[in-house]
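Visitor: Please take a close look at the nonpolar core of this protein, and then follow the parts of the chain around it.

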Amino acid sequence: VADITAAIDDVSADGDEDRKESHETPLLDLVTPLGSNAEIALILSSLRRHDEYTYDHSINVGLLSICLGRFIGWRGRDLHEFGTAALIHDVGKLYTPLEILNKPGRLTPQEWVVMKRHPRDGYDILLEGGVGSAIAPYIALEHHTAPDGTGYPPLSYPPEEMHEGSRIVKLADVYDAFTTIRPYRSQTRPREVLKMLAKQRGTHFDADLVDAFIEMMGEYPIATTLKLRSGRIA
């Protein structure tokens with residue numbers, strides 16, 4: 001995240017081209033062929049100024065989504081375009097007040113109404129602004145909708161017509177959200193989150209993508225603590 005932040009600062013600034021190129025990172029290299037580097041950097045810079053957690057979360061979800069996309073066989077332009085969309089899936093939160101984004105307790109029904117606007121807001125922002133990715137508005141819109149049609153916002157088309165990238169981002173979004181410390185709940189162990197995803201495969205999450213995600217992360221993902229038969233802690 002620190003390396004990507006440095007690259008975003010350079011792309012967003014008016015510095016010389018040599019300095020910008022010296023801070024390029026693999027993740028930003030991924031979207032460069034689309035010619036959207038500056039636009040993506042400006043969006044992420046805006047998120048960073050608005051809310052540091054949303055910014056970090058966007059980078060994490062982008063990384064996890066790109067990894068899963070590669071794991072299931074996406075390559076080339078499809079992966080580039082998807083990587084762009086995954087990075088900025090939460091751009092609609094620019095319109096969500098900070099007192100709601102960072103509220104330490106449970107949201108009221110009225111606050112939930114405001115929170116649930118961010119996918120639609122993101123869709124509107126990206127559809128109007130354009131970032132070199134035709135799928136970005138739809139991934140912003142669909143990333144909280146489940147395969148069974150539950151979630152938000154209500155779509156005007158069947159969930160079967162959702163982009164597969166939206167299902168990937170939904171998985172990555174939930175995994176990162178639960179494994180990160182937030183003001184309103186404690187951090188959940190990665191393995192427990194994978195178990196939760198497995199229980200909800202086919203309903204809240206695409207079954208094949210859940211299986212691929214668990215295989216990619218490993219049965220005992222990074223940060224898992226194990227007690228071995230010898231009694232030693234790993």
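Guide: The largest nonpolar core has 39 residues, and F82, I88, L126, L171, L197 and F213 have the most contacts inside it. A nonpolar core here is a set of buried Ala, Val, Leu, Ile, Met, Phe, Trp, Tyr and Cys residues joined through side-chain atoms within 4.5 Å. Buried means under 20% relative accessible area, exposed means over 50%, and partly exposed lies in between, with a 1.4 Å probe and protein chains only. The elements that give two or more residues to this core are α4 (37-50), α5 (52-71), α6 (76-87), α10 (136-142), α11 (164-178), α12 (190-199) and α13 (207-217). A second, separate core of 5 residues includes I100, L107, V114 and M115.

The model is predicted: local features need pLDDT of at least 70, side-chain atom pairs count only at pLDDT 80 or more, and totals for chains, interfaces and linings use all residues. Residues are numbered from 1 along each chain as its sequence is written, and side-chain values use heavy atoms, with hydrogens and water left out.

Helices (H or I, at least four residues) and strands (E, at least two) are DSSP runs, numbered from the N terminus. Of the 234 residues in the protein, 47% are buried. Among contacts with a separation of 6 or more, 64% are between residues 24 or more positions apart, where contact means heavy atoms within 4.5 Å.

With its neighbours within four places in sequence left aside, F82 is in contact with S65, I66, W74, I135, I139, G165, I168 and V169. E81 is also of interest: this residue lies in helix α6 and is buried, with a relative accessible area of 16%. Its C-alpha atom is 5.5 Å from that of S133, although E81 and S133 are 52 residues apart along the chain.

N60 and A177 are 117 residues apart along the chain, and their C-alpha atoms are separated by 9.6 Å.

Next come the aromatic rings. The whole structure holds 4 aromatic pairs. Rings of Phe, Tyr and Trp (its six-membered ring) pair if their centres lie within 6.5 Å; planes under 30 degrees apart count as stacked, over 60 as edge-to-face and the rest as tilted. One of the pairs is Y123 with Y138, edge-to-face at 5.6 Å centre to centre and 70 degrees between the planes. Y123 lies in helix α9 (residues 118-129) and Y138 in helix α10, so this pair ties together parts 15 residues apart in sequence. Y123 is buried, with a relative accessible area of 14%, whereas Y138 is partly exposed, at 34%. Y175 and F213 form another pair: their ring centres are 5.3 Å apart and their planes are at 70 degrees, so the pair is edge-to-face. Because Y175 lies in helix α11 and F213 in helix α13, this pair ties together parts 38 residues apart in sequence. Both Y175 and F213 are buried.

P153 lies in the loop between α10 and α11, and a cis peptide bond joins Y152 and P153, with omega about -10 degrees. R117, in the loop between α8 (109-115) and α9, is partly exposed, with a relative accessible area of 46%. R117 and P153 are 36 residues apart in sequence and 7.4 Å apart in space, C-alpha to C-alpha.
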